Amino acid sequence: MELIFQVLVSGLLIGGVYALISIGLNLIFGVVRIINFAHGDVLMLAMYATFWLNKGFGMDPYLSALLVLPAMFFFGVLLQRVIVQPIQEASSNMQIFATVALSLILQNLALIFWKGDFRTIQTSYAMSTLEVMNIIISVPRLVAFLVALVSILSLFSFLKHTFVGKALRAIVEDNTVARLMGIKVERLYLLAFGLGAAFTALGGILLIPFSSVYPTVGVPFTLIAFIVVVLGGLGSMSGTFMAGLFIGVVETFGGTYVSPALKEALYFGIFILVLLVRPQGLFGKGKGTEEIGLK
Amino acid sequence: MSANRWQLLGFILLAAVVAAPVLVDSKFILHMVTLIFFYVAMTSAWNIPVFGGKMSLGHAAFFGIGGYTGAILYVKFGVSPWIGLVAGVAMSLLGGVIMTLPLLRLRGPFFTLASIAFAEVLRMIAIDWRSLTNGSVGLNIPFKPGWANLTFQSGLPFYFISLILAAAVVFVSYRLRHSALGFHLRASASNDEAAQALGVDTRRAHFIGLLWSSGLTGLIGVFYVFFIYVVEPNTMFSIPLFSLQPALNGIIGGIGTIWGPVIGAVIMTPLGEYLRFYLGTIQQGLNFVVYGVVLIVTVNFIPGGIVSLLARLKPSKGSNGPGSPSGAKEVR
Amino acid sequence: MALLQVKNLTKRFGGLTAVKQVSFDIQPGEIVGLIGPNGAGKTTLFNLISGILNPEDGEIILDGRPIKQLSPARRSLAGLGRTFQIVRPFTMTVLENVMVPLLARDPHMGKAREEGMQVLTLLRLDHLADAQPDSLTLAYRKRIEVARALATRPKLLMLDEVLAGLNPTEISENLPIIRQVHERGVTIFIIEHLMDALMAVSQRVLVMDQGVLIANGSPQEVTSNECVIKAYLGEETPTC
């Protein structure tokens, strides 16, 4: 009985990080309307940056966020400007291939420069745990969840209450009208990509204490992010959050009770199920489902 | 040069490639040309749903399913590879059904994404289902040469087999494109809503196109398995090798056309091998970086591929010739 | 029996009721026009009948057969043809465009090619059979749109603004085609902004305003109808 709660808690904790990473994607896809296959690779780069800061300067991973996050924000802006903007008018199939190519390039550059070895950071708190009501909670995972939660709430607030946030939401809802209203859409694309990249990078930083880095570490996260976004409903931040937690829980339960290696099969299965049964997503407002083609 | 001169040059080049192993006695060239034919077949098969604007990156799944079916039946149950061919096609058709039924409703990029996921999942299953597939260790086709076992001492039989396979797939692709199915796929890619308003069941058209594609890819997979003898999950279900590569070939050659995949495969296969051997040994991964850059440049500047470059040379008469690029521009 | 029966058709988009309890019949052999100010719900009505949108309420019966549950493709096969306001011919030759619906009914290429040429000849497009539509003028592209819809051998053909964007010469060339199609036994339901053209060609006219059907009669009856005049002048029509 206790095991179930243990697994549940672990699932929720990692789910928070999944939600964080997926929100980055939700933002990018919602605003810029591009399927970014290199999404997980942004995560990978952030993790490597954190690793090298730790290796070279002994910097604590959480602290290095101060440097890595702005850097990744700019990287996101750069990606949008250099890679995405030129193909924004191209057919979406061509856009896919451009981001697939980007993913290939990033992963292999990482391979070239940093080799394929699994890199890990040792921190004093990596192994520390708390015990609450007979449930053991890993501290770094708890920190990850809490930071994710706070970040998501901040983003939520930003989107709801600031002018820029509202402009972003306007673009998500209707790009053309937003443009006609005088919103500088191209600039906001840059912002959205930068923010999306930063949030994803944050997810990576939070993962570092209990996860190793290697060139292809980001690949499953691209898939997870998309599944979470579709599951939660495009355009719904709260949906993405809930869906992230859901996937985290399902993955952990699946890994414990079924087989650790069949995780991907499990969430692909869920993905298909959702598409068949409730295409607008579990919590979706139905916005953007036409984009995916789910009517 | 006028368009006709380019066409002539192209044919000469193609003939040279086909005849090379006959003219030059080299195992390397024989192997390379055979590989080129395999990729011509794979790229053409991948290209069929592209008539309708569906670019799957999950074809490694069908390739792997076909290959593993043939290999498992032969190695574990002693079933003849020739029967394995039929079984391989049947299994990859089944895979095609499983993949497309739920996923066809997805538009462009989401479909592509889901197709990658499908291939990835199958790869994981191949690794995990050890009792069936031997997991990561893989299966080895025992060396018992003879046509009955589809295993040979010399590389020549597979040269011919792959040549016939390539010609067959290109032919099927040609016939499909010029059939009612081809028309409906192209109409759907152009404007799905209008096509439906005219009475075209576009879902069904895409479904059938994908079935053809998956079945053919599975067939190629079975042959391939007996060509290389070693069957393991990370190769057979390799997305870079059997999903990305055909797609890359297709895009560079010219997607949605008949000759595009052929041109793309003929150019990119040796280039890819060269990149892998020379750049890959200097620095592992460098070849993929080059791939990535080539892909981005092509997507940005020549989305219609080489065929579209050649088409620009023709005076615009509007005739379709071997096929005008569909799927490059109108799919959204 | 009426060819098309629409009963209490209603469509809501969130808080907006775009089509409200619209009911009317179209008899076989008629040419019926549909007019109304911008935003009246005309194209939405077309979309409901052709199946692109699903109504919240109401019935649609084509030739005695309820079609509300049918997909757009099935409705086309049942005899409902329609053109779109924004013409987008397929990226293939003019003849191939017309062959698409023919092949959906009979996959024989040779037959489709023959019949396709017949349709093109009827619409005086045969000399453009091998042309690419995007190299042609809007007037021709609109005709291709009609040719394509005609190739579906419709019982009822719905034309959505086939004359919009054409200059007077082009209109005088394309308008007789509508009559020609009608003479071959096709019932026509036409949305058109150009009043003169529509009144000239329609036997009966439906008028919509803000989702509601406010008039249904001959062109003369409708143009002298107070409610209609008020609607076009932008006044509220509480008594209609």
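1. Chain B of this predicted model has a mean pLDDT of 84, with 93% of its residues at 70 or more. The exception to note is the stretch of residues 316–332 of chain B, where the pLDDT is below 50. Where pLDDT is low, the predicted coordinates should not be read in detail.

2. The contact between chain B and chain A takes 40 residues from chain B and 35 residues from chain A. On the side of chain B that touches chain A, the elements giving two or more residues are helix H5 (108–128) and helix H13 (286–301) of chain B. H5(B) supplies the largest share of that side, 13 residues. By class, the side of chain B that touches chain A comprises 24 nonpolar, nine polar and seven charged residues.

3. Chain B also touches chain C: 21 residues of chain B are in contact with 27 residues of chain C. On this side of chain B, the residues divide into eight nonpolar, nine polar and four charged.

4. Within chain A, helix H2 (residues 39–57) packs with helix H8 (residues 185–207) at an angle of about 50°, their axes being 8 Å apart. The angle makes H2(A) oblique to H8(A), and the crossing of H2(A) and H8(A) is right-handed. From H2(A), the contact is made by His39(A), Val42(A), Leu43(A), Ala46(A), Met47(A) and Thr50(A). From H8(A), it is made by Ala197(A), Thr200(A), Ala201(A), Gly203(A), Gly204(A), Ile205(A) and Leu207(A). The contact of H2(A) with H8(A) has eight nonpolar and five polar residues, and no charged residues.

5. Chain C contains an open sheet of four strands in the order E2-E1-E4-E5, with antiparallel pairing. Strand E2 (16–26) and strand E5 (65–66) of chain C stand at the edges; each has a single partner strand, so one side of each is left without a neighbour in the sheet.

6. Strand E1 (residues 4–13) and strand E4 (residues 57–62) of chain C pair in the antiparallel sense over five bridges. Leu4(C) has Leu62(C) as its bridge partner in E4(C). Helix H1 (residues 42–50) of chain C lies across E1, E2 and E4 of chain C, and runs at about 65° to E2(C).

Terms used
Residues are numbered from 1 along each chain as its sequence is written. Chains are lettered from A and ligands numbered from 1 in the order in which they are written. This is a predicted model: local features need pLDDT of at least 70, side-chain atom pairs count only at pLDDT 80 or more; totals for chains, interfaces and linings use all residues. Axes are lines fitted to C-alpha atoms, for helices over the stretch in contact, and angles run from 0 to 180 degrees between N-to-C directions. Angles under 35 degrees count as roughly parallel, over 145 as roughly antiparallel, 65 to 115 as roughly perpendicular and the rest as oblique. A crossing is left-handed if the near helix is turned anticlockwise from the far one by less than a right angle, and right-handed if clockwise. Two residues are in contact if their C-beta atoms, placed from the backbone, lie within 7 Å. Ala, Val, Leu, Ile, Met, Phe, Trp, Tyr, Cys and Pro count as nonpolar, Asp, Glu, Lys and Arg as charged, and the others, Gly among them, as polar. Two strands pair if DSSP finds at least two bridges between them. pLDDT is the predictor's confidence in each residue, from 0 to 100.
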